[in-house]
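This report looks at aromatic rings and at the charged groups placed over them. How is a pair of aromatic rings described? A pair of aromatic rings is described by the distance of the centres and the angle of the planes.

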Amino acid sequence: MKMLEHPFARLQAAWASNPELLVVFLYTLLRGSLHCFSGLSNTPRTSNKFSIIMGESKGGNVNMQLDRYLRLLSKHRQSPALAWVGFLLLSLVVWKLVSDGDFSFIMTYGAFARTFGFGLLAVKLWTARSATGVSFKTLQLYALVFFFRLTSIIPFSGYLPYDKSGDWFYHFVESLSLFLVLVSMYLVKVRFPHSYDERTDSFGNLHVPASFGALVYLAVPCLALAVLFHPGLNSHFLADTTWAFSMYLESVAMLPQLYMFQKQSSQVVEVLIGHWVFASGFARVLDMIFWMSSYHELVDHSGSKMVGVFVLLTQFIHIILMVDFFYYYLISVRSGLPLQLPRAGGLV
């Protein structure tokens, strides 16, 4: 019987034959961000754009092209596009330096996007000297996500990207994300506790102490699922379980933050907080794209592929939870207006 082609198989095959597809993708995002955020209508056309990024073109070299973008951005210094464009340009550098073009780099890129988001959050907390609008409970959950993922990927290699970014860069960005989360937790609870609104950060405040609500109602069930349903790529019960736990928990880690948005008196989300939430969701979309092509490799010790399907399902759940936020975020970006969320029922 002919086997069905798994999702994204054609994309993976195209990537293998043309690794520069990520450069195409990043360049498109770069031009789109310039157009959407800054309202630039005179961005360069796409002819020869990929060879320009790779360093060769009839019109000039990569330095000339980047200088052009920087000159355009200098006219829009207040635009939130600046951070995103910087991230996309840095992404091209990372692609050139630490990847050998394998499709699995998309998983590393997702981790890199996540780190970028938490970097924006830390910058927001430090520069604003305020923790207003930030859910400490979400930070708690992400600290667990990164810690337990690192316990699985540092001593073992079963869940690492196949390309050379899995040699050290993937570990680095995940470690940096953990560091940024811990810094953000310190800023929220120690440096600027007067501005932290525990009243609205109330997810899970039902029959348990407020500080443990998210842990009891989200982390504990995810841990139980990970013990029961985990792949066996590391051939080590604890390492496989901690990786599955981090994946399941990340699917719901943003729930306290989305719930907090609904509880705030103002439905307007601060700019950098919105970028952080979007970057985390964007990273998850990239993860899902990778695992849609590779979930069949996530088999348990008995050889069953149902664990892979379950891991993929949890990522779909995460995207579904974020769909409304994505919608209002993109409307805000396109219109140039503050990000404003619906008061009831829309996000959680």
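F105 and Y109 are four residues apart in helix α6 (residues 105–128), so about one helical turn separates them; helices are DSSP runs of H or I with at least four residues, numbered from the N terminus. F105 is buried, with a relative accessible area of 1%, and Y109 is buried with a relative accessible area of 1%, where buried means under 20% relative accessible area with a 1.4 Å probe and protein chains only.

This is a predicted model, in which local features need pLDDT of at least 70 and side-chain atom pairs count only at pLDDT 80 or more, while totals for chains, interfaces and linings use all residues. Residues are numbered from 1 along each chain as its sequence is written, and side-chain values use heavy atoms, with hydrogens and water left out.

F325 and Y329 form a stacked aromatic pair, at 6.1 Å centre to centre and 25° between the planes; rings of Phe, Tyr and Trp (its six-membered ring) pair if their centres lie within 6.5 Å, and planes under 30 degrees apart count as stacked. These two residues, F325 and Y329, are four apart in helix α13 (residues 306–335), and therefore separated by about one helical turn. Both F325 and Y329 are buried.

## Charges over rings

R129 lies over the face of W126, 4.2 Å from the ring centre, and the charged end of K189 sits over the ring of F136, at 5.0 Å from its centre. The criterion is that NZ of Lys or CZ of Arg is within 6 Å of the ring centre and within 35 degrees of the ring normal.

Notes: Buried < 20%, exposed > 50% of the residue type's maximum accessible area, 1.4 Å probe, protein only. Phe/Tyr/Trp six-rings, centres within 6.5 Å; stacked < 30°, edge-to-face > 60°.
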